[in-house]
Amino acid sequence: MRFFCFLVLSFALSGCASEIQKRTSQNYTLIAMQAQAKGDWDTARRAYARAVVNAEHAKLSPNTRALLTYEYGRSLGVNCFYDLAESELNLAYKLDKEAGNPLYLSLTELARLTFDQQKFQSSIAYFEQSIQELDQAKFSEKAPTGYADILDEYSIALFNVGRKADSAAIKKRSSEIRNANPNGKSITDRTPYGKFCVTKEQRSL
């Protein structure tokens, strides 16, 4: 009887703890989003880190964890934690796959994260996966300017590894899309990877 009561109490406390962790994750997410909107990427990174940890402990859905991990990865990259950023964005990709979400978001960020570090060979591999997913989603029709922006970066990466013919072909495709949409504007902001590197004193996670 005593053991049964202990089990009941344990499950109750576990459920209570999960609910607290869920609310804590939500609170840190709000802090992170507000900081991000102000351009305070260091605060955003720290808050997203705590949001992710609490989301994992609360066993939130892969969909929610994918979103938080994606944003945490982006903020890490902005603050120049490049290796950890790539790791988190790859985790976001896996969680998106598990949740049945579009995969091009995390793949595009991985491509741009490595592109901005001039790791062109790595970025090409990510761009190719991303563009395949974007084409399946007919992204060139839904957001032609944003799609052309991605093609332009892919073209530059190809050029920098000596694939000049492939680069020219992709650039031509991008130009055709832009010419067909002369008044188009990108509907998303480019993540400013490496633009807000933290100091040695700020580098604790």
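**Helix packing and salt bridges**

User: At what angle do α3 and helix α5 (residues 104–116) pack?
Analyst: In this predicted model, α3 spans residues 62–78, helices being DSSP runs of H or I with at least four residues, numbered from the N terminus. The axes of α3 and α5, lines fitted to C-alpha atoms over the stretch in contact, with angles from 0 to 180 degrees between N-to-C directions, lie 11 Å apart. The two helices pack at an angle of about 10°.

User: How are α3 and α5 oriented to each other?
Analyst: Their packing angle is about 10°. Angles under 35 degrees count as roughly parallel. α3 and α5 are therefore roughly parallel.

User: How many salt bridges does the structure hold?
Analyst: A salt bridge places a side-chain nitrogen of Lys or Arg within 4 Å of a carboxyl oxygen of Asp or Glu. The structure holds 14.

User: Which helix holds both Asp-42 and Arg-45?
Analyst: The side chains of Asp-42 and Arg-45 meet in a salt bridge, with N to O at 2.5 Å. These residues are three apart, about one turn of the helix. Both lie in α2 (residues 41–57).

User: Which pLDDT limits apply, and how are residues numbered?
Analyst: Residues are numbered from 1 along each chain as its sequence is written, and side-chain values use heavy atoms, without hydrogens and water. Totals for chains, interfaces and linings use all residues, while side-chain atom pairs count only at pLDDT 80 or more and local features need pLDDT of at least 70.

Key
Angles under 35 degrees count as roughly parallel, over 145 as roughly antiparallel, 65 to 115 as roughly perpendicular and the rest as oblique.
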